[in-house]
Amino acid sequence: MKIGFIGLGNMGAPMASNLAAAGHEVTGFDIANTPPDGVVAAKSVTDAATDMDVVITMLPNGAILRSVADDVIPAMKQGATLLDCSTVDVDSARAVADKAQAAGLNAVDAPVSGGIGGAAAGTLTFMAGGSEEGFAAVSPLFDIMGQKAVHCGPSGNGQAAKICNNMILGVTMIGTCEAFALADKLGLDRQKMFDVVSTSSGYSWVMNAYCPAPGVGPQSPADNDYNPGFAAELMLKDLRLSQQAAESSDADTPMGARATELYTQFVEEEDGAGQDFSAMLPRFVSRRRG
Ligand code: NAD
(Lines give C-alpha, C1' and ligand atoms only; values in the text may rest on other atoms or scores of the structure.)
Protein backbone atom coordinates (compact mmCIF):
# COMPACT_ATOMS: atom_id res chain seq x y z
CA MET A 1 0.00 0.00 0.00
CA LYS A 2 0.97 3.64 -0.38
CA ILE A 3 0.90 5.03 3.13
CA GLY A 4 1.26 8.61 4.38
CA PHE A 5 2.38 8.86 8.02
CA ILE A 6 1.95 12.16 9.86
CA GLY A 7 3.51 12.60 13.31
CA LEU A 8 6.85 10.83 13.58
CA GLY A 9 7.50 11.16 17.32
CA ASN A 10 8.27 8.53 19.95
CA MET A 11 5.43 6.30 18.77
CA GLY A 12 4.94 7.31 15.12
CA ALA A 13 8.56 6.86 13.99
CA PRO A 14 8.89 3.19 14.97
CA MET A 15 5.37 2.41 13.69
CA ALA A 16 6.18 3.98 10.29
CA SER A 17 9.48 2.16 10.23
CA ASN A 18 7.79 -1.22 10.81
CA LEU A 19 5.34 -0.58 7.95
CA ALA A 20 8.22 0.28 5.60
CA ALA A 21 10.20 -2.78 6.72
CA ALA A 22 7.16 -4.94 5.86
CA GLY A 23 7.33 -3.70 2.25
CA HIS A 24 4.82 -0.83 2.19
CA GLU A 25 5.66 2.43 0.45
CA VAL A 26 5.67 4.88 3.37
CA THR A 27 5.97 8.67 3.08
CA GLY A 28 6.24 10.57 6.36
CA PHE A 29 5.80 14.12 7.61
CA ASP A 30 6.49 15.79 10.95
CA ILE A 31 6.92 19.47 11.82
CA ALA A 32 9.95 18.68 14.02
CA ASN A 33 11.37 15.25 13.23
CA THR A 34 12.93 13.73 10.11
CA PRO A 35 11.58 10.33 9.03
CA PRO A 36 13.26 7.12 10.19
CA ASP A 37 15.17 4.85 7.78
CA GLY A 38 13.01 3.40 5.03
CA VAL A 39 10.44 6.22 5.18
CA VAL A 40 10.48 8.86 2.43
CA ALA A 41 10.28 12.50 3.60
CA ALA A 42 7.23 14.46 2.40
CA LYS A 43 7.57 18.20 1.78
CA SER A 44 4.29 19.06 3.47
CA VAL A 45 1.35 17.54 5.26
CA THR A 46 -0.68 17.55 2.01
CA ASP A 47 2.21 15.92 0.16
CA ALA A 48 2.03 13.06 2.70
CA ALA A 49 -1.71 12.65 1.97
CA THR A 50 -1.95 13.03 -1.83
CA ASP A 51 -2.55 9.78 -3.70
CA MET A 52 -2.16 7.58 -0.60
CA ASP A 53 -4.27 4.48 0.07
CA VAL A 54 -4.05 5.10 3.82
CA VAL A 55 -3.01 8.18 5.80
CA ILE A 56 -2.01 7.49 9.40
CA THR A 57 -1.81 10.24 12.03
CA MET A 58 0.02 9.89 15.37
CA LEU A 59 -0.27 13.32 16.97
CA PRO A 60 -0.25 14.85 20.46
CA ASN A 61 -3.90 15.91 20.91
CA GLY A 62 -7.35 16.50 19.43
CA ALA A 63 -6.81 20.17 18.47
CA ILE A 64 -3.73 19.27 16.41
CA LEU A 65 -5.52 16.29 14.88
CA ARG A 66 -8.44 18.53 13.82
CA SER A 67 -6.14 21.06 12.18
CA VAL A 68 -4.02 18.39 10.41
CA ALA A 69 -7.23 16.65 9.23
CA ASP A 70 -8.45 19.93 7.69
CA ASP A 71 -5.37 19.91 5.43
CA VAL A 72 -5.23 16.17 4.83
CA ILE A 73 -8.85 15.30 4.01
CA PRO A 74 -9.16 17.47 0.86
CA ALA A 75 -5.85 16.09 -0.45
CA MET A 76 -6.80 12.41 -0.11
CA LYS A 77 -8.20 10.34 -2.98
CA GLN A 78 -11.78 9.01 -2.85
CA GLY A 79 -12.15 5.68 -1.06
CA ALA A 80 -8.85 6.03 0.81
CA THR A 81 -8.73 5.56 4.60
CA LEU A 82 -7.76 8.08 7.27
CA LEU A 83 -6.44 6.13 10.28
CA ASP A 84 -5.83 8.13 13.45
CA CYS A 85 -3.80 6.25 16.08
CA SER A 86 -3.31 9.21 18.47
CA THR A 87 -5.02 9.33 21.85
CA VAL A 88 -7.50 12.20 21.57
CA ASP A 89 -10.90 13.22 22.95
CA VAL A 90 -13.92 11.30 21.66
CA ASP A 91 -15.55 14.46 20.28
CA SER A 92 -12.52 15.31 18.09
CA ALA A 93 -12.31 11.72 16.85
CA ARG A 94 -15.99 11.79 15.84
CA ALA A 95 -15.75 15.28 14.25
CA VAL A 96 -12.75 14.26 12.13
CA ALA A 97 -14.44 11.00 11.10
CA ASP A 98 -17.60 12.90 10.05
CA LYS A 99 -15.57 15.25 7.85
CA ALA A 100 -13.61 12.39 6.31
CA GLN A 101 -16.77 10.40 5.53
CA ALA A 102 -18.44 13.47 4.03
CA ALA A 103 -15.44 13.71 1.69
CA GLY A 104 -15.85 10.09 0.53
CA LEU A 105 -13.14 8.60 2.74
CA ASN A 106 -13.12 5.81 5.30
CA ALA A 107 -12.22 6.96 8.82
CA VAL A 108 -10.89 4.77 11.62
CA ASP A 109 -9.87 5.95 15.10
CA ALA A 110 -7.51 3.39 16.60
CA PRO A 111 -5.60 4.50 19.70
CA VAL A 112 -3.02 2.08 20.98
CA SER A 113 -1.77 0.56 24.16
CA GLY A 114 1.71 -0.90 24.53
CA GLY A 115 3.85 2.26 24.67
CA ILE A 116 7.15 2.96 22.98
CA GLY A 117 8.40 -0.60 23.51
CA GLY A 118 5.29 -2.03 21.82
CA ALA A 119 5.61 0.45 18.93
CA ALA A 120 9.21 -0.60 18.29
CA ALA A 121 8.51 -4.33 18.64
CA GLY A 122 5.29 -4.21 16.56
CA THR A 123 3.26 -5.58 19.49
CA LEU A 124 0.76 -2.76 20.07
CA THR A 125 -2.92 -3.35 20.82
CA PHE A 126 -5.30 -1.26 18.69
CA MET A 127 -8.84 -0.34 19.81
CA ALA A 128 -10.66 0.74 16.71
CA GLY A 129 -13.79 2.71 15.91
CA GLY A 130 -15.25 3.07 12.41
CA SER A 131 -17.08 1.16 9.69
CA GLU A 132 -16.50 -2.54 8.93
CA GLU A 133 -15.10 -1.49 5.56
CA GLY A 134 -12.63 0.95 7.11
CA PHE A 135 -11.55 -1.57 9.73
CA ALA A 136 -11.01 -4.25 7.06
CA ALA A 137 -8.96 -1.83 4.92
CA VAL A 138 -6.42 -1.17 7.68
CA SER A 139 -6.41 -4.59 9.39
CA PRO A 140 -3.28 -5.75 7.49
CA LEU A 141 -1.47 -2.70 8.89
CA PHE A 142 -2.61 -3.49 12.44
CA ASP A 143 -1.10 -6.96 11.96
CA ILE A 144 2.29 -5.38 11.21
CA MET A 145 2.29 -2.67 13.90
CA GLY A 146 0.59 -4.73 16.58
CA GLN A 147 -0.43 -8.07 17.98
CA LYS A 148 -4.13 -7.42 18.51
CA ALA A 149 -6.84 -5.16 17.10
CA VAL A 150 -10.37 -4.97 18.51
CA HIS A 151 -13.13 -3.36 16.46
CA CYS A 152 -15.11 -1.53 19.17
CA GLY A 153 -17.95 -0.14 17.04
CA PRO A 154 -18.57 3.12 15.16
CA SER A 155 -16.28 6.17 15.02
CA GLY A 156 -15.04 7.37 18.40
CA ASN A 157 -15.49 4.00 20.09
CA GLY A 158 -11.76 3.23 19.86
CA GLN A 159 -11.05 6.39 21.88
CA ALA A 160 -13.92 5.52 24.24
CA ALA A 161 -12.41 2.07 24.94
CA LYS A 162 -8.94 3.56 25.48
CA ILE A 163 -10.01 6.18 28.04
CA CYS A 164 -12.32 3.80 29.92
CA ASN A 165 -9.44 1.31 30.19
CA ASN A 166 -7.00 3.99 31.32
CA MET A 167 -9.46 5.46 33.82
CA ILE A 168 -9.64 2.00 35.44
CA LEU A 169 -5.83 1.83 35.32
CA GLY A 170 -5.36 5.23 37.02
CA VAL A 171 -7.94 4.52 39.72
CA THR A 172 -6.50 1.04 40.35
CA MET A 173 -2.95 2.37 40.60
CA ILE A 174 -4.00 4.92 43.21
CA GLY A 175 -5.98 2.32 45.17
CA THR A 176 -3.07 -0.12 45.11
CA CYS A 177 -0.52 2.53 46.15
CA GLU A 178 -2.60 3.85 49.04
CA ALA A 179 -3.16 0.27 50.23
CA PHE A 180 0.62 -0.39 50.23
CA ALA A 181 1.17 2.85 52.17
CA LEU A 182 -1.47 1.78 54.70
CA ALA A 183 0.13 -1.69 54.95
CA ASP A 184 3.48 -0.01 55.72
CA LYS A 185 1.91 1.99 58.56
CA LEU A 186 0.28 -1.18 59.92
CA GLY A 187 3.59 -3.03 59.94
CA LEU A 188 2.58 -5.46 57.18
CA ASP A 189 5.53 -6.61 55.08
CA ARG A 190 5.17 -5.58 51.40
CA GLN A 191 6.08 -9.04 50.11
CA LYS A 192 3.39 -10.60 52.35
CA MET A 193 0.91 -7.99 51.15
CA PHE A 194 1.77 -8.94 47.54
CA ASP A 195 1.55 -12.68 48.25
CA VAL A 196 -1.94 -12.28 49.69
CA VAL A 197 -3.45 -9.63 47.37
CA SER A 198 -2.04 -11.03 44.11
CA THR A 199 -3.94 -14.26 44.81
CA SER A 200 -7.01 -12.70 46.47
CA SER A 201 -9.88 -10.48 45.37
CA GLY A 202 -7.72 -7.32 45.38
CA TYR A 203 -5.62 -8.65 42.51
CA SER A 204 -5.26 -6.60 39.32
CA TRP A 205 -2.88 -5.98 36.44
CA VAL A 206 -1.34 -3.19 38.55
CA MET A 207 -0.63 -5.49 41.49
CA ASN A 208 0.22 -8.65 39.61
CA ALA A 209 2.11 -7.40 36.54
CA TYR A 210 3.21 -3.82 37.34
CA CYS A 211 3.62 -3.81 41.11
CA PRO A 212 4.37 -0.25 42.37
CA ALA A 213 6.50 -1.57 45.28
CA PRO A 214 10.21 -2.05 44.42
CA GLY A 215 11.57 -5.56 44.84
CA VAL A 216 8.10 -7.08 44.96
CA GLY A 217 6.43 -9.01 42.12
CA PRO A 218 7.77 -9.09 38.55
CA GLN A 219 10.19 -6.44 37.24
CA SER A 220 8.44 -3.07 36.88
CA PRO A 221 9.40 0.64 36.73
CA ALA A 222 9.43 0.61 40.58
CA ASP A 223 12.57 -1.55 40.27
CA ASN A 224 14.16 1.10 38.05
CA ASP A 225 13.78 4.15 40.32
CA TYR A 226 10.34 4.81 38.83
CA ASN A 227 11.73 5.79 35.44
CA PRO A 228 8.82 5.45 32.97
CA GLY A 229 7.32 3.02 31.77
CA PHE A 230 4.17 4.99 31.47
CA ALA A 231 4.85 8.53 32.64
CA ALA A 232 2.57 10.19 35.20
CA GLU A 233 1.87 13.06 32.78
CA LEU A 234 0.62 10.62 30.11
CA MET A 235 -1.70 9.05 32.68
CA LEU A 236 -2.90 12.55 33.54
CA LYS A 237 -3.59 13.27 29.85
CA ASP A 238 -5.76 10.15 29.58
CA LEU A 239 -7.57 10.83 32.88
CA ARG A 240 -8.38 14.36 31.69
CA LEU A 241 -9.77 12.92 28.45
CA SER A 242 -11.93 10.55 30.51
CA GLN A 243 -13.34 13.48 32.48
CA GLN A 244 -13.92 15.53 29.31
CA ALA A 245 -15.86 12.55 27.91
CA ALA A 246 -17.77 12.10 31.19
CA GLU A 247 -18.73 15.77 31.08
CA SER A 248 -19.93 15.73 27.48
CA SER A 249 -21.87 12.46 27.93
CA ASP A 250 -23.23 13.32 31.43
CA ALA A 251 -21.65 10.23 33.05
CA ASP A 252 -21.01 10.13 36.82
CA THR A 253 -17.35 9.13 37.38
CA PRO A 254 -16.38 10.22 40.92
CA MET A 255 -13.37 7.90 41.19
CA GLY A 256 -12.07 8.99 37.77
CA ALA A 257 -12.51 12.62 38.89
CA ARG A 258 -10.56 12.05 42.12
CA ALA A 259 -7.80 10.17 40.27
CA THR A 260 -7.55 13.12 37.86
CA GLU A 261 -7.20 15.55 40.81
CA LEU A 262 -4.50 13.42 42.44
CA TYR A 263 -2.45 13.02 39.25
CA THR A 264 -2.83 16.76 38.51
CA GLN A 265 -1.42 17.56 41.94
CA PHE A 266 1.33 14.95 41.53
CA VAL A 267 2.42 16.19 38.08
CA GLU A 268 1.92 19.94 38.50
CA GLU A 269 2.68 20.65 42.18
CA GLU A 270 4.81 17.75 43.36
CA ASP A 271 7.71 16.01 41.60
CA GLY A 272 5.63 13.58 39.53
CA ALA A 273 6.44 14.86 36.03
CA GLY A 274 8.94 12.55 34.35
CA GLN A 275 8.32 9.72 36.82
CA ASP A 276 6.39 6.56 36.16
CA PHE A 277 2.71 6.73 37.16
CA SER A 278 3.41 4.09 39.84
CA ALA A 279 5.58 6.64 41.72
CA MET A 280 2.30 7.43 43.50
CA LEU A 281 3.50 4.85 46.05
CA PRO A 282 6.44 6.86 47.48
CA ARG A 283 4.19 9.91 47.27
CA PHE A 284 1.57 8.31 49.54
CA VAL A 285 4.25 6.90 51.86
CA SER A 286 5.75 10.37 52.37
CA ARG A 287 2.40 11.94 53.30
CA ARG A 288 0.25 11.97 56.40
CA ARG A 289 -3.52 11.62 56.62
CA GLY A 290 -5.51 14.73 55.72
P1 NAD B 1 5.40 12.68 20.50
O2 NAD B 1 5.21 14.05 21.07
O3 NAD B 1 6.71 12.00 20.65
O4 NAD B 1 5.03 12.69 18.94
C5 NAD B 1 4.07 13.52 18.33
C6 NAD B 1 4.68 14.06 17.05
O7 NAD B 1 3.71 14.85 16.33
C8 NAD B 1 5.90 14.98 17.29
O9 NAD B 1 7.02 14.46 16.61
C10 NAD B 1 5.44 16.33 16.71
O11 NAD B 1 6.51 17.06 16.12
C12 NAD B 1 4.42 15.89 15.70
N13 NAD B 1 3.49 16.96 15.32
C14 NAD B 1 2.87 17.85 16.13
N15 NAD B 1 2.09 18.67 15.39
C16 NAD B 1 2.22 18.27 14.11
C17 NAD B 1 1.66 18.72 12.87
N18 NAD B 1 0.81 19.75 12.83
N19 NAD B 1 2.03 18.11 11.73
C20 NAD B 1 2.90 17.06 11.76
N21 NAD B 1 3.46 16.57 12.89
C22 NAD B 1 3.12 17.18 14.05
O23 NAD B 1 4.22 11.79 21.15
P24 NAD B 1 4.14 10.19 21.16
O25 NAD B 1 4.66 9.67 22.46
O26 NAD B 1 4.65 9.66 19.88
O27 NAD B 1 2.55 10.01 21.24
C28 NAD B 1 1.72 10.19 20.09
C29 NAD B 1 0.29 9.86 20.48
O30 NAD B 1 0.25 8.51 20.96
C31 NAD B 1 -0.27 10.73 21.61
O32 NAD B 1 -1.62 11.01 21.31
C33 NAD B 1 -0.12 9.86 22.84
O34 NAD B 1 -1.09 10.15 23.84
C35 NAD B 1 -0.34 8.48 22.26
N36 NAD B 1 0.28 7.39 23.02
C37 NAD B 1 1.55 7.50 23.49
C38 NAD B 1 2.12 6.45 24.21
C39 NAD B 1 3.53 6.55 24.73
O40 NAD B 1 3.92 5.67 25.56
N41 NAD B 1 4.33 7.50 24.30
C42 NAD B 1 1.36 5.29 24.46
C43 NAD B 1 0.07 5.19 23.94
C44 NAD B 1 -0.46 6.26 23.23
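Which helix gives the most to the lining of the largest pocket? Helix 6 does, with six residues. This is a predicted model, in which local features need pLDDT of at least 70, side-chain atom pairs count only at pLDDT 80 or more, and totals for chains, interfaces and linings use all residues. Residues are numbered from 1 along each chain as its sequence is written, and side-chain values use heavy atoms, without hydrogens and water.

The largest pocket holds about 1,400 Å³ of space. A pocket here is an open set of points on a 1 Å grid over the protein atoms alone, where a 1.4 Å probe fits, with protein on both sides within 12 Å along at least five of seven lines; lining residues have an atom within 4 Å of a point. The volume is the space filled by probe spheres set on the points. Of the 46 lining residues, Met11, Thr87, Gly115, Phe230 and Leu234 are the closest to the pocket centre. Elements that each supply at least two lining residues include helix 4 (115–121) and helix 9 (232–249). Helices are DSSP runs of H or I, at least four residues long.

Helix 2 (residues 62–75) packs with helix 3 (residues 90–102) at about 5°, their axes 9 Å apart. Helix 2 is therefore roughly parallel to helix 3 (angles under 35 degrees). Axes are lines fitted to C-alpha atoms over the stretch in contact, and angles run from 0 to 180 degrees between N-to-C directions.

Key: Angles under 35 degrees count as roughly parallel, over 145 as roughly antiparallel, 65 to 115 as roughly perpendicular and the rest as oblique.
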